[in-house]
Amino acid sequence: MKQRLLILGLIATLVSTGCVNRDAQKQALKTQEIVSDPTTLVEVKPAVSLTLTESLPITGEVTTSDDVVIGAKIPGRIISMNVTDGDDVSAGQVIAMLDSTNQMIQIRQASAQVSAAQSQLNQAIANARIAPTRSAAAVAQAEALVRSARAQLQKVLNGAREEERKQADAAVAAAKSNMDTAKKERDRQAALYREGASSQQRFDQAENAFQSAFSQYEQAIQQQAMTRNWSRPEDVAAAREGVKQAEEAVKTAKANKSLDILLTDQVVAARANLEGAQSGLSLARQSLEDLKIRAPLSGRIQGKPAQVGTVLGAGNPVARIIGAGGIYFEGEFPAKVMAQIKVGNAVSIKIDGLDNQSFIGTVMSISPSASTIGRLFKARVRIPGSNLVKPGMYARGDVTLKTITNATVVPSGSIVRRGEKDYVFVAEKDNAKMVQVQTGITSNGVTQVTGISPGDRVVVRGQNDLDEGSAIKVESGA
């Protein structure tokens, strides 16, 4: 429309100036023909079907959850430091060592206690195994003594047997006969000696034989008396006392046997004592192991570690490790889009310093509260493992909010706003058709629309000069 007004103005100027240039007049006539032609020259492009993604930009820096300061577990003096600032370390690597003098002494003491406790246990087990047999034998022996004492008492109560009495009487008779014979021989030898018919020696022999026979006769008499008076009161009392003593011995033996169960308790106590000593040894060994300060994860030493000779208390820092894993991007976004970002959304990330190399991450969590400055929330986005990405790098991300497949799209500039509605012009032969559309996602210069179909020829240049049914001429090649 503006082009037509400009041309008409040019013609009027030429006429009013009275120009007699024939070429100019011919050109003006041609221009008038063009101006009077109602056809509008346009460019068209077909609507296409694409997969569109709606995204939200966030910015922030790369950080890591594997950022630890290693401290000493127990007090001690550093005797070796195996790393310096910037060194790479692996999980479990010994980075420092503390003095072990006291721990070695504790281990020797604990080992001695274990040996002593083991000996006590062995002795208790041996007692528990042997003592029951020994106490059972003692009970059996005491019971046998009771039976013997009771038999002796019964023997005293019963007195001598008839056979024993007869044997005693026969012994008296024999002893008396021997004595009488010896007396007669002595008397005969005495008479002969007085007459000088025998010697003093023969007489002495006869006297000795008589005295011996007399003595045997008295013993036989006494044995006979004992046989006849066998059960004396004092013998009975002594025998009864022997029975009582034997019975008490049985009670004592059985009482000792009942204590055998305590031997099992002694084994249990000795075993518990051994376990306690072993635990003490394990603690001493663990204390020795704790002197080795190890890296809890793989990463890199940041900052200057503690120096050799430093005396540390429990928990004092030794070195700081920035982990190689657990890298994530923490992007900020305003509260107004809080409802749009969800855990699990994909994020396209570009890292400054890496030539805008792209990574695809995932929203792992969203901060529950906004920052004091700017009232911004943070989304923690996991970044796939890469040795190139380091904590502290600046990053930009596009959070994927929605993805639409088979969306009909047109160039965003082809959409004409008339009043409160959006339209596009579709070329149908030599005329333009005005079609109302509903717009959706806009991405990379195209906008999703509904109301037309893929393949429709949409006017992308000259559309602002068109109305419903306007005559159009499509530029060649469009």
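**Reading a predicted chain: a dialogue**

Buried residues (under 20% relative accessible area, with exposed meaning over 50% and partly exposed in between, for a 1.4 Å probe and protein chains only) make up 31% of the 478 residues in the chain.

Me: What kind of model is this, and which conventions apply?
Reply: This is a predicted model, in which local features need pLDDT of at least 70 and side-chain atom pairs count only at pLDDT 80 or more, while totals for chains, interfaces and linings use all residues. Residues are numbered from 1 along each chain as its sequence is written, and side-chain values use heavy atoms, with hydrogens and water left out.

Me: Over which residues does pLDDT stay under 50?
Reply: Where pLDDT is low, the predicted coordinates should not be read in detail. The term denotes the predictor's confidence in each residue, from 0 to 100. Here the chain averages 84, and 88% of the residues score at least 70. The stretch under 50 is residues 1-8, for which the model has 8 contacts (heavy atoms within 4.5 Å) beyond four places in sequence.

Me: How many helices and strands does the chain have?
Reply: Both are DSSP runs numbered from the N terminus: helices are H or I with at least four residues, and strands are E with at least two. The chain has 7 helices and 21 strands.

Me: What is the strand order in the open sheet of 4 strands?
Reply: Two strands pair if DSSP finds at least two bridges between them. The order is E3-E10-E8-E5, with antiparallel pairing. Strand E3 (67-71) and strand E5 (88-89) each have a single partner strand, so one side of each is left without a neighbour in the sheet. Within the sheet, E8 (residues 299-302) and E10 (residues 317-323) are joined by 4 bridges, and Gln-302 stands opposite Arg-320 in E10.

Me: Is Ala-319 buried or exposed?
Reply: Ala-319, found in strand E10, is buried because its relative accessibility is 6%. Beyond four places in sequence, its contacts include Val-68, Val-69, Ile-70 and Ile-301. Val-68 lies 251 residues from Ala-319 along the chain, yet their C-alpha atoms are separated by 8.6 Å.

Me: What does the side chain of Gln-463 reach?
Reply: A polar contact is a pair of N or O atoms within 3.5 Å; within protein, one must be able to donate a hydrogen and the other to accept it, and residues adjacent in sequence count only if both atoms are side-chain atoms. The side chain of Gln-463 reaches the backbone oxygen of Gly-413 at 2.7 Å. Gln-463 is in the loop between strand E20 (457-461) and strand E21 (472-474), and at 4% relative accessibility it counts as buried.

Me: How many salt bridges are there?
Reply: Side chains of opposite charge can pair when their charged atoms come close. The rule requires a side-chain nitrogen of Lys or Arg within 4 Å of a carboxyl oxygen of Asp or Glu, and the count comes to 23. One of them joins Arg-77 and Asp-99 (3.9 Å, N to O). This pair links distant parts of the chain, with Arg-77 in strand E4 and Asp-99 in the loop between strand E6 and helix H3, 22 residues apart. Arg-77 is partly exposed at 37%, as is Asp-99 at 29%.

Me: Where do Glu-185 and Arg-188 lie?
Reply: Glu-185 and Arg-188 are 3 residues apart in helix H4 (residues 162-195), and therefore separated by about one helical turn. Their salt bridge has its closest N and O atoms 2.9 Å apart.
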